[in-house]
Amino acid sequence: MPRNKLFLTSSAVAGVVFVVVAMAPFATAESPASGPARLEEVAGSPFPRVVLTEQAAKRLSIQTEALREEMAKRWTMMNGEVEIAIGEPLVKAFTETASIAPVGASDQAMQSLIRVPVNAASQMLIAVVVEEDEEGESREHDEFAEFFGVDNPADEDKDGLVVVLLTGEGRSGKYYKARPVEVKDRDDGRFFEFLEASGGAKPGDQVLVAMKAPESDRMAKVVPYSSVIYDEHGDSWLYSNPEPLVFVRQKVVVERVLGDIAVLSDGPARGTMVVSVGAVELMGVELKVGGH
């Protein structure tokens, strides 16, 4: 993660770490309008506009770029266990995919299933592809691939399809297709059925089940992680740049940090110019000039 932070909190890293940046004298609240920095009130906002001279902006190495929106894939991951359902017929598929033969024939007495307990904890995994306009290339920030060490099955998540990853020694590097099913007289979990040979899975084996989240395939607001700063209360902020040499602090909500980008669940509109380098220094100027 980029380390250029005024404050770091548990919303970005494990634990709470406070880093105070010592600022050399830059300006004071009584500085004349011709000083390197001044504050101007913003109607309806508790935060002022920070106005810099061109020389001050260069001194602080201020850089900006436009906030982007990118398509985000989201997966819900849960712990599960392999078990055998015995009976005739116990299982009914919730969905039937044209390319996959229906399961649950009346003469089937045993069926290998994955059970996810009712109270199983879940974790969200996100994948975002960021277009790199300057280089004409794109980069993928993919928690699924990083977590499991396998390609993201984003193109296979149709019609209720899920993927199952067997855990344990020697079982990494491959996922297996499955789909949700209903099991008669069972209310102790959610059940899924393998749709292909499952690599020797046997009852009691622990697995991870990944299912496409309802909020997947929605556009996500993306900024450089270096744009985000945290205050002593753990709140996250960035500085917008509405006009040359003018900067305004805005509160944002960080959904996830993926390498050198931050995915925002709440923040400025697409295309807003934000400070990508120098945000910490700007907050230092704002607080110093404001006499806080």
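These are my notes from looking through one protein structure, which is a predicted model.

**Overview.** I started with the whole chain. I counted up the secondary structure and got 3 helices and 20 strands. The protein has 292 residues, and 43% of them count as buried.

**The cores.** Next I looked up the largest nonpolar core, which holds 17 residues. Which of its residues touch the most other members? I noted Leu52, Ile62, Tyr239, Phe247 and Leu282. Then I checked which elements give two or more residues to this core, and found strand 4 (49-52), helix 1 (54-59), strand 17 (236-243) and helix 3 (279-289). Helix 3 gives the most, with 5 residues. There's a second, separate core too, with 15 residues, including Ile114, Leu166, Ala201 and Val207.

**Leu52.** I picked this one to follow up. Leaving aside neighbours within four places in sequence, Leu52 is in contact with Pro36, Ala37, Ala57, Leu60, Ile62, Leu245, Phe247, Leu282 and Val285.

**Val248.** My last stop sits in strand 18 (residues 246-258). Is Val248 buried or exposed? Its relative accessible area is 14%, and the cut-off for buried is under 20%, so Val248 counts as buried. Skipping neighbours within four places in sequence, I listed its contacts as Pro48, Arg49, Leu238, Tyr239, Ser240 and Pro242. I looked at Leu238 again: it is 10 residues from Val248 along the chain, and their C-alpha atoms are separated by 8.3 Å.

Technical notes: Residues numbered from 1 in each chain as written. Predicted model: local features only at pLDDT ≥ 70, side-chain atom pairs only at ≥ 80, totals over all residues. Heavy atoms only, no water. Core = buried A, V, L, I, M, F, W, Y, C linked by side-chain atoms within 4.5 Å. Buried < 20%, exposed > 50% of the residue type's maximum accessible area, 1.4 Å probe, protein only. Helix = DSSP H or I, 4+ residues; strand = E, 2+ residues; numbered from the N terminus. Contact = heavy atoms within 4.5 Å.
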